[in-house]
Amino acid sequence: MMNAKNFKKMNDCDLEIVVGGTLTEVNQLADEFAKKGGKFGKIVSEIHNALSGMSGVAGPVNIALREAVGKGLSELGISHDLSVGVLGTGFMSKANKYSYNGKSISHDEVLKMIASA
């Protein structure tokens with residue numbers, strides 16, 4: 001019988017990998033930009049829509065989506081390091097990082113900043 005004390009609590013980075021990881025975050029950011037509209041919202045929305053219908057070329061489209069989302073974040077003054085893994089596949093991706101005015105911020109904070117922009 002397993003003892004619950006033998007299990008370690010997962011940190012946020014490990015948990016994020018289990019629940020979808022960095023590609024999921026990039027897609028969530030894209031969805032939030034698309035809701036907002038405007039120049040970047042339109043670009044992100046078009047790329048995001050293309051991604052849903054192109055399973056064979058998802059990697060390159062994920063890279064394009066990351067670039068579009070990155071431009072939108074830069075416009076909001078959010079520094080970022082977005083990872084979509086090797087060739088945009090999500091494989092070997094590293095945790096996405098965000099900062100605003102030199103302070104590290106969470107993915108949820110970034111979503112809120114996009115929504116309130």
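Q: What makes the nonpolar surface patch in this predicted model?
A: Four residues make the patch: V86, L87, F91 and M92. Its area is about 470 Å².

Q: Why is V86 called partly exposed?
A: The relative accessibility of V86 is 39%. V86 sits in the loop between strand 1 (78-81) and strand 2 (97-100).

Q: How many salt bridges does a search of the whole structure find?
A: The search finds three.

Q: Why is the pair E32 and K35 called a salt bridge?
A: The closest N and O atoms of E32 and K35 are 3.6 Å apart. The cut-off is within 4 Å, so the pair counts as a salt bridge. Both residues lie in helix 2 (residues 21-36). They are three residues apart, about one turn of the helix.

Q: Are E32 and K35 buried or exposed, and how do you know?
A: E32 has 15% relative accessibility, and buried means under 20%, so E32 counts as buried. K35 has 65%, and exposed means over 50%, so K35 counts as exposed.

Q: How do you know that E67 and R66 form a salt bridge?
A: Their closest N and O atoms are 2.9 Å apart. That is within 4 Å, so the pair qualifies. E67 has a relative accessible area of 41% and is partly exposed. R66 is partly exposed too, with 21%.

Q: What makes D81 and K94 a salt bridge, and which parts does the pair tie together?
A: The closest N and O atoms of D81 and K94 are 3.0 Å apart. D81 lies in strand 1, while K94 lies in the loop between strand 1 and strand 2, so the pair ties together parts that are 13 residues apart in sequence. D81, at 29% relative accessibility, counts as partly exposed. K94, at 47%, also counts as partly exposed.

Q: Which residues of helix 5 are buried, and how do you know that they share a side?
A: In helix 5 (residues 107-116), the buried residues include H107, V110, L111 and I114. They cover an arc of only 100° around the axis, which puts them on the same side of helix 5. K112 and S116 are exposed on the other side.

Q: What covers the buried residues of helix 5?
A: The cover includes helix 2, helix 4 (58-75), strand 1, strand 2 and strand 3 (103-105).

Q: Which residues of the largest nonpolar core touch the most other members?
A: L29, V69, L73, Y98 and V110 do, out of 20 core residues. Helix 2, helix 3 (38-52), helix 4 and helix 5 each supply at least two residues of this core. Setting aside its neighbours within four places in sequence, V110 is in contact with L29, L73, I78, Y98 and I105.

Q: Why is I105 called buried?
A: I105 has 11% relative accessibility, and the limit is under 20%, so I105 counts as buried. I105 belongs to strand 3. Beyond its neighbours within four places in sequence, I105 is in contact with I78, Y98, S99, Y100, V110 and M113.

Definitions and conventions
Residues numbered from 1 in each chain as written. Predicted model: local features only at pLDDT ≥ 70, side-chain atom pairs only at ≥ 80, totals over all residues. Heavy atoms only, no water. Patch = residues over 30% accessible without salt bridge, like charges linked within 9 Å, V, L, I, M, F, W, Y side chains within 5 Å. Areas by Shrake-Rupley, 256 points an atom, 1.4 Å probe, with all protein chains shown as cover. Salt bridge = Lys/Arg side-chain N within 4 Å of Asp/Glu carboxyl O. Helix = DSSP H or I, 4+ residues; strand = E, 2+ residues; numbered from the N terminus. Buried < 20%, exposed > 50% of the residue type's maximum accessible area, 1.4 Å probe, protein only. Arc of directions from axis to C-beta. Contact = heavy atoms within 4.5 Å. Core = buried A, V, L, I, M, F, W, Y, C linked by side-chain atoms within 4.5 Å.
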